[in-house]
Amino acid sequence: MSKEILGHIDCPACGTVKGMRITHDKNAEPFGFCEAECGQQLRIGGNPRRVQQFVKRHPWAGTVTAPTPAVKPVTVTPTAPPPAPKPVKKPVANPFDFLLHPKATA
Ligand SMILES: [Zn+2]
């Protein structure tokens, strides 16, 4: 999983301006880590309201709330024309039919 850096905020711990980088955690929710010097970690996810407030302040941090599976783009698949009807073979008379169904001779 790639850690795409969404942006930076001021580190609340060491106070470095734009020192804390924000990435998405495994739940695709904002997660902060101070790159400047202190290594402070800031977990925003885990609380939808908190995430909402954070994203409200930092719109660039908002994208997804938990990846939604499925919902594939509807692609119209061209329907293949129905296969041409196979030429019906006329049943060939079994030349050995008389062996299988011997005429009852009395
Ligand atoms: Zn810091």
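The model is a predicted one, in which local features need pLDDT of at least 70 and side-chain atom pairs count only at pLDDT 80 or more, while totals for chains, interfaces and linings use all residues. Residues are numbered from 1 along each chain as its sequence is written.

The strands β3 and β4 pair in the antiparallel sense over 3 bridges, where two strands are said to pair if DSSP finds at least two bridges between them. They also form a hairpin with 6 residues between them, and in its turn Gly39 has a positive phi of about 75°.

On the other pairing of β3, strand β2 (residues 20-24) and strand β3 (residues 30-34) run antiparallel over 5 bridges. Within this pair, Ile22 stands opposite Gly32 in β3, and Thr23 stands opposite Phe31 in β3. The hairpin of β2 and β3 has 5 residues between the strands, and Ala28 takes a positive phi near 60° there.

| Strand pair | Bridges | Sense |
|---|---|---|
| β2 and β3 | 5 bridges | antiparallel |
| β3 and β4 | 3 bridges | antiparallel |

Taken as a whole, the open sheet has 4 strands in the order β1-β2-β3-β4, with antiparallel pairing. Because β1 (7-9) and β4 (41-43) stand at the edges, each with a single partner strand, one side of each is left without a neighbour in the sheet. Neighbouring strands of this sheet are turned by 30° against each other on average, direction ignored, with axes taken as lines fitted to C-alpha atoms and angles running from 0 to 180 degrees between N-to-C directions.

Strand β3 is largely enclosed by the rest of the structure, because 4 of its 5 residues are buried; a residue is buried if 20 or more other C-beta atoms, placed from the backbone, lie within 10 Å of its own. Of the 106 residues of the protein chain, 12% count as buried.

The secondary structure of the protein chain comes to 2 helices and 4 strands, with helices (H or I, at least four residues) and strands (E, at least two) being DSSP runs numbered from the N terminus. Along the sequence these elements follow the pattern β-β-β-β-α-α. Among the contacts in the protein chain with a separation of 6 or more, 24% are accounted for by residues 24 or more positions apart, a contact being two residues whose C-beta atoms, placed from the backbone, lie within 7 Å.
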